[in-house]
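Visitor: I have the model open and would like to go through it with you. Could you take me around, a piece at a time?

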Amino acid sequence: MNGSGVRVAVTGLGVVAPNGLGAEAYWTATRKGTSGIGRISRFVPDGYPAQLAGEIEGFAAAEYLPGRLLPQTDRMTQLALVAADWAFEDAAVRPGELPEFEMGVITASSSGGFEFGQRELQALWSQGSRYVSAYQSFAWFYAVNSGQISIRNGMRGPSGVVVSDQAGGLDAVAQARRQIRKGTRLVMSGAVDASICPWGWVAQMASNRLSTRTDPERAYLPFDAAANGHVAGEGGALLVLEELEQARARGAKQIYGEIAGYGSTLDPRPGSERPAGLRKAIELALADAGATPGEIDVVFADAAAIPELDRIEAAAINEVFGAGAVPVTAPKTMTGRLYSGAAPLDLAAAFLAMRDGVIPPSIGVTPSPEHGLDLVVDQERTATVRSALVIARGHGGFNSAIVVRSAA
Amino acid sequence: MASHEFTIDDLKRILREGAGADEGVDLDGDIIDTDFESLGYESLAMLETGGRIEREFGVTLDDDTLTDAKTPRALIESVNALLVPTEIG
């Protein structure tokens with residue numbers, strides 16, 4: 001069936017973020033400009049060049065999950081399972097009451113279960129192969145969040161994982177939309193990443209994009225003249241996606257809005273004379289949504305905080321919308337960059353911005369005039385938000401953009 | 001002789017440590033003849049449990065031992081059969 005006309009709605013949000021556990025806690029903190037960035041506490045960061053992170057505090061997996069799941073899951077999966085539970089609860093959907101083949105799980109992942117993997121690799125080289133957990137066979141794996149959410153909730157419809165670094169968080173939601181258009185009733189989508197452990201940290205440092213500053217308020221400053229890299233964080237968001245009319249027909253508690261348009265591109269190879277692909281991804285997303293630039297009320301930026309990448313993003317936004325013509329924000333200045341979890345969290349923020357008529361701030365940033373952006377800084381801004389654009393770029397040249405729109 | 005006998009308490013401890021316990025099951029109850037499956041332990045959980053028994057008790061379990069032992073009693077007997085005293089009398 002050709003379902004390109006089918007409208008896909010978001011009816012539930014499950015958020016696990018460094019500045020708030022649960023969608024409302026995250027949103028309250030984000031509106032106030034409360035940061036979750038601090039010195040790493042999960043291991044001693046003294047010997048590492050980057051020592052700050054957006055860590056989720058106060059999450060005790062055993063409070064939420066069965067004892068059988070704990071020994072076989074990495075922290076990122078425990079966070080994802082709880083976020084999925086919360087998203088279902090928010091959507092007032094009991095997965096056990098729906099046909100199992102009509103529900104799918106499509107998440108993104110950028111690193112897999114590094115903490116679990118580190119523990120087992122340490123056991124391997126210090127004690128031998130007999131000391132490696134049987135669960136290492138899947139606990140580290142990119143697809144493990146999709147798999148465990150599927151098993152826990154009895155969801156056996158179209159499922160999978162997308163691995164395209166930070167862009168993956170949007171690519172997964174786009175894939176979920178495709179599956180709903182093909183007839184799947186409900187898809188849990190989005191992403192939760194977490195790899196704040198020494199092994200994961202070293203892997204992240206290899207990008208040379210981590211800020212080495214030690215003052216949490218001066219470390220991650222996208223679009224600022226002082227930008228010099230990002231702070232990494234853990235967490236993300238999961239979203240319940242349903243076909244809009246079906247969601248209305250079942251009397252969904254709320255419809256946050258719809259996934260209206262999506263575009264993705266790959267950058268040309270390094271050294272190529274061809275332009276970066278980000279502007280094209282934005283244009284494709286707008287065209288897919290049937291939206292003009294003037295209809296977009298706010299842009300949630302990728303906000304790399306690498307001067308060249310900031311320039312590319314600001315230029316793409318200004319070329320599409322006109323210089324300074326659309327409010328831009330980066331609430332990830334309060335969480336750090338969450339890799340595949342970042343963009344789904346921005347989607348959640350975009351829907352909540354629509355609900356409450358506010359644009360959350362980017363904190364700590366003094367926007368550089370060079371970029372010519374109308375960056376919402378310091379405090380939230382009251383605004384009618386009916387459409388928003390969320391941008392995410394992944395290491396290696398991935399560019400993705402999603403337009404979300406109020407379903408009213 | 002072998003370090004010690006493999007008991008039901010050893011098994012319960014190893015199950016908890018390696019695979020966790022299902023909330024719906026009382027491992028401290030009388031489980032000696034209850035199927036592992038109804039206790040919530042699927043094949044991977046049994047693989048993990050077997051691995052832990054092997055390294056703690058210094059035995060090697062055949063693949064069949066784990067798949068054939070449907071209950072704690074059967075597994076305990078199989079493991080103890082391998083724990084032959086090395087000095088007699």
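Guide: In this predicted model, the end C-alpha atoms of residues 5-406 of chain A are 16 Å apart, and that span is 31% helix and 21% strand, where helices (H or I, at least four residues) and strands (E, at least two) are DSSP runs numbered from the N terminus.

Visitor: What does UniProt list for residues 5-406 of chain A?

Guide: An unreviewed UniProt entry lists that span as "domain: Ketosynthase family 3 (KS3)"; UniProt positions follow the numbering used here, feature names are shortened, and annotations may be inferred rather than shown by experiment.

Visitor: And what are the conventions here?

Guide: Residues are numbered from 1 along each chain as its sequence is written, chains are lettered from A and ligands numbered from 1 in the order in which they are written, and side-chain values use heavy atoms, with hydrogens and water left out. As this is a predicted model, local features need pLDDT of at least 70 and side-chain atom pairs count only at pLDDT 80 or more, while totals for chains, interfaces and linings use all residues.

Visitor: On to the interface: how many residues does each chain bring to the contact?

Guide: Chain A supplies 13 residues and chain B 17 residues, with contact meaning heavy atoms within 4.5 Å. Between them the two chains bury about 1100 Å², 48% of it on carbon and sulfur atoms; buried area is the accessible area (1.4 Å probe) that two parts lose on being put together, summed over both.

Visitor: Which residues of chain A lose the most area to chain B?

Guide: Those are A:Arg68, A:Arg130 and A:Tyr135, which together account for 54% of what the chain A side buries. A:Arg68 also forms a salt bridge with B:Glu42 through their side chains (2.4 Å, N to O), and the rule finds one salt bridge across this interface, counting a side-chain nitrogen of Lys or Arg within 4 Å of a carboxyl oxygen of Asp or Glu.

Visitor: Where is A:Ser133, and is it buried or exposed?

Guide: A:Ser133 is in the loop between helix H3 (114-127) and H4 of chain A, and its relative accessible area of 9% is why A:Ser133 counts as buried, since buried means under 20% relative accessible area, exposed over 50% and partly exposed in between (1.4 Å probe, protein chains only). Leaving out residues up to four places away in sequence, A:Ser133 touches A:Phe116, A:Glu120 and B:Glu48.

Visitor: How many residues of helix H5 in chain A are buried?

Guide: Seven of the 10 residues in helix H5 (residues 144-153) are buried, so the helix is mostly covered. Among the elements of chain A that these buried residues pack against are helix H2 (75-91), strand E5 (103-108) and strand E9 (235-243), and just after H5(A), A:Gly154 takes a positive phi of about 65 degrees.

Visitor: What about A:Arg177, buried or exposed?

Guide: A:Arg177 counts as buried because its relative accessibility is 6%, and A:Arg177 sits in helix H6 (residues 168-181) of chain A. Its contacts, not counting residues up to four places away in sequence, include A:Val8, A:Tyr262 and A:Asp288.

Visitor: Switching to chain B, where is B:Asp68?

Guide: B:Asp68 belongs to helix H3 (residues 63-68) of chain B and, at 55% relative accessibility, counts as exposed. UniProt, in an unreviewed entry, places "domain: Carrier" at residues 5-83 of chain B, a span that is 56% helix and 0% strand, with its end C-alpha atoms 7 Å apart.
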